[in-house]
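Please walk me through this structure.

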Amino acid sequence: LFASGLKNYQFVMDRAEATGDWNYFLMGTVMKAYTTQVLADLYDQIPFSEALQGADNLNPSFDDGYSIYQTLLDEIDDALSKDFDASTNTPPSLIGNTDLIFQGNMDRWVQFANTLKLKMYLRMVNSHPTEAQAGIEDLYNSGAQFLNVSAGVSGFTNEPGRDNPMYEQNIRQLNTPDNIRASRTLVSFLEDNVDTTRMVYFFGSKNPGSIHQGDFLSTDPSYGSAARLVQRPTDPVMFISEAESYFMQAEARERYFAGAGAKDLYDQGVATSFVNMGGTATQAAMYTGPGGAYEYPSGGSLQDKIEAIITQKWIALGYGVHYIEAFFEKNRTGFPRTSPVYSDNAAYVPGQWVVSNNSVLPAGQMPRRLVFPDAETTRNANAPAVVPITTPVWWAL
């Protein structure tokens, strides 16, 4: 992501700033911020203020995640403050297909920027609650518009090198469909709620066989027929999906605006997830309506509502090769809950996460971050000491 992503985004930003092309400057800034934020969320500390200098600095120091977030938010605000009517801008009509996400629609890019800011502020609710609340309230008080479409890349075809990158790597290059099998955690949740639409989207069957999480030493003969994740060469790649945007807005409404509009946003998130996965909004309404399996807990506590939102976000994030956000949200909110028993126990609650059956971590522990790669710690004299994989990052519970 540094060599093939951030370096290129910085190049776009530098060239755009030099020519006063604020359309491309905003696009480069948003994508650089998005990519940097993912890296900071994975590693907690990364090279940032001294990064991207090439041979001028082969030993960049690491910055802490919160400082990085503050700078990224300032950079997004700076990009949003530019003159998008300036004659030096490339007209949106000429940007066209060079913009793989919105085809030159700058209003969408502004919404993407605002939604990314919303996500970053929500990440801060545990560690910096005052700043998180102030940032989110400022977004709403300023009339910020958020995504009501997905920010992602689509248009892939069933051709080598032109298909969905995960499909290209996992199916075409490795030449096997067997790497990703159905986990009992997800399957049990969908089964318990008779969510056959999304079950079929994920696994191609209403009754898929599944494997207990991390049970890779088992000799259970049924595991050989466990359902495979359905991967399609034309699947999109999401940065922030429409459903994810609605769920973030619902959480913000619950936390800081007495829940005004939260239920409707939650319902929109579930409906969008169903539509993305081959269903309809009408089907989704049967689940979110009175007595439905996914009815919003309007009379419940704040935690009940956050749990409902994050649980549905977990399912929705399966669309668009976007699974990593579920890992982040689990670490931020604790939802879905972690089961006190393994998923083969009669007391297991469907959908609760379980510790891998063959985990080598201390009892009850799960990974909370990625550890610094060996190439970094051995070649960069300023790399910090390796932090245990079970240590939460700065914004996590």
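α3 and α5 cross in a left-handed sense; that label applies if the near helix is turned anticlockwise from the far one by less than a right angle, and right-handed applies if clockwise. The model is predicted: local features need pLDDT of at least 70, side-chain atom pairs count only at pLDDT 80 or more, and totals for chains, interfaces and linings use all residues. Residues are numbered from 1 along each chain as its sequence is written, and side-chain values use heavy atoms, with hydrogens and water left out.

Helix α3 spans residues 65–80 and helix α5 spans residues 106–123. Helices (H or I, at least four residues) and strands (E, at least two) are DSSP runs, numbered from the N terminus. The two pack at an angle of about 160°, with axes 11 Å apart. Axes are lines fitted to C-alpha atoms, for helices over the stretch in contact, and angles run from 0 to 180 degrees between N-to-C directions. α3 and α5 are therefore roughly antiparallel to each other. Angles over 145 degrees count that way, under 35 as roughly parallel, 65 to 115 as roughly perpendicular and the rest as oblique.

The contact (heavy atoms within 4.5 Å) includes Tyr69, Leu72 and Ile76 of α3 and Val110, Ala113 and Met120 of α5. By class, it has 10 nonpolar, one polar and three charged residues. Here Ala, Val, Leu, Ile, Met, Phe, Trp, Tyr, Cys and Pro count as nonpolar, Asp, Glu, Lys and Arg as charged, and the others, Gly among them, as polar.

Next, α11 (residues 262–276) and α12 (residues 281–288). They pack at about 135°, axes 8 Å apart. α11 and α12 are therefore oblique to each other. Their crossing is right-handed.

Now the pockets. A pocket is an open set of points on a 1 Å grid over the protein atoms alone where a 1.4 Å probe fits, with protein on both sides within 12 Å along at least five of seven lines; lining residues have an atom within 4 Å of a point. Grid points are joined across faces, edges and corners, and a volume is the space filled by probe spheres set on the points. Of its 44 lining residues, Ser183, Thr185, Gln213, Trp314 and Trp353 are closest to the centre. α14 gives the most to this lining, with five residues.

The second largest pocket has a volume of about 710 Å³. Its lining has 25 residues. α2 gives the most, with seven.
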